[in-house]
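Here is a short briefing on selected local features of one protein model.

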Amino acid sequence: MKIVVIGGTGLIGSKLVKTLQEQGHEAVPASPNTGVNSITGVGLADALKDASAVVDVTNSPSWEDASVLKFFETSTRNLLAAEAASGVGHHVALSVVGTERLLESGFFRAKLAQENLIKASSIPYTIVRATQFFEFVKSIGDLSTNGHKVLLPPALIQPMAADDVASAVGKIALGAPLNGAVEIGGPERFRLDELIQLDLAARQDPREVITDPQGRYYGIKVTENALLPGDAQR
Ligand SMILES: NC(=O)c1ccc[n+]([C@@H]2O[C@H](COP(=O)([O-])OP(=O)(O)OC[C@H]3O[C@@H](n4cnc5c(N)ncnc54)[C@H](OP(=O)(O)O)[C@@H]3O)[C@@H](O)[C@H]2O)c1
């Protein structure tokens, strides 16, 4: 099967391309680094020729509110139009568990806009909503740091390894479109404040985590269960 991975040079994308190629599929990494740009459209039509599925694992270079919204809206519109022109039968996009509960953040407003464009399009689709990647645990602590203290709420979090995300997205890309969303999550739940404390201790980082119900996750308030997948999670 020919599967084009838009963002195929990124953290998830490069792992996804590798796992699909190892299974004998023609997985094509498409990103500015390979001459394909979903914002300008450069290289898109050529890359999508004879593709059965397109997987979108792009991320915006800027997370500033207006920029990230413009990125996901423009990129998604361009991809869906190019897929319609090429007769692609499955659009798979990676999104985030709990997106609709995190809309205080411009990043999540942009991810919701991306999901809504996909749902409204004529292309059969599957939206894969993953929990936070273990690879981003350090950055969660960094973003909530004030001097030597890290202020975090006692919210629950069920992170996934990027390898597992790529493997799950690959299986879904090879299957039939669900025309809906699936949630994927890691094997274990942690309290966010405790997870970051474990991470700092493992790195011998002297910063101290302070549990603060008013503390922020990536700059926004979260309720105890906002980051958790639902009962139908994989
Ligand atoms: N972080 C989390 O915990 C988490 C959790 C769930 C879901 N997600 C979602 O997972 C997705 C992938 O994240 P990631 O960490 O793997 O991303 P990443 O490592 O930052 O990679 C981003 C990819 O997007 C590509 N890209 C940027 N601009 C592009 C453009 N104009 N046209 C085509 N490709 C472009 C980059 O290409 P170049 O290498 O050529 O620049 C790169 O391949 C994101 O949408 C994110 O929302 C993240």
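Tyr 218 is partly exposed, at 24% relative accessible area. Here buried means under 20% relative accessible area, exposed means over 50%, and partly exposed lies in between (1.4 Å probe, protein chains only). The model is predicted: local features need pLDDT of at least 70, side-chain atom pairs count only at pLDDT 80 or more, and totals for chains, interfaces and linings use all residues. Residues are numbered from 1 along each chain as its sequence is written, and side-chain values use heavy atoms, with hydrogens and water left out.

**Positive phi**
- Tyr 218 is not a glycine, yet has a positive phi of about 50°.
- Tyr 218 sits in the segment after β11 (208–211). Helices (H or I, at least four residues) and strands (E, at least two) are DSSP runs, numbered from the N terminus.
- Asp 50, also not a glycine, has a positive phi of about 65°.
- The loop between α2 (44–48) and β3 (53–56) holds Asp 50.
- Asp 50 is exposed, with 63% relative accessible area.

**Aromatic rings**
- Rings of Phe, Tyr and Trp (its six-membered ring) pair if their centres lie within 6.5 Å; planes under 30 degrees apart are stacked, over 60 edge-to-face, and the rest tilted.
- The count by this rule is 8 aromatic pairs.
- Phe 107 and Phe 108 form an edge-to-face pair, because their ring centres are 5.4 Å apart and their planes stand at 90°.
- Both residues are buried: Phe 107 has a relative accessible area of 12%, and Phe 108 has 6%.
- Phe 133 and Phe 136 make a tilted pair, 5.7 Å centre to centre with 55° between the planes.
- Phe 133 is buried at 17% relative accessibility, whereas Phe 136 is partly exposed at 34%.
- One aromatic cluster is formed by Trp 63, Phe 71, Phe 72, Phe 107, Phe 108, Tyr 217 and Tyr 218.

**Helices α1 and α6**
- The axes of α1 (residues 11–22) and α6 (residues 162–174) come within 8 Å and cross at roughly 55°. Axes are lines fitted to C-alpha atoms, for helices over the stretch in contact, with angles from 0 to 180 degrees between N-to-C directions.
- The two helices are therefore oblique to each other (under 35 degrees is roughly parallel, over 145 roughly antiparallel, 65 to 115 roughly perpendicular, and the rest oblique).
- Contact means heavy atoms within 4.5 Å. Among the contact residues are Leu 11, Ile 12 and Lys 15 of α1, and Asp 163, Val 165 and Gly 170 of α6.
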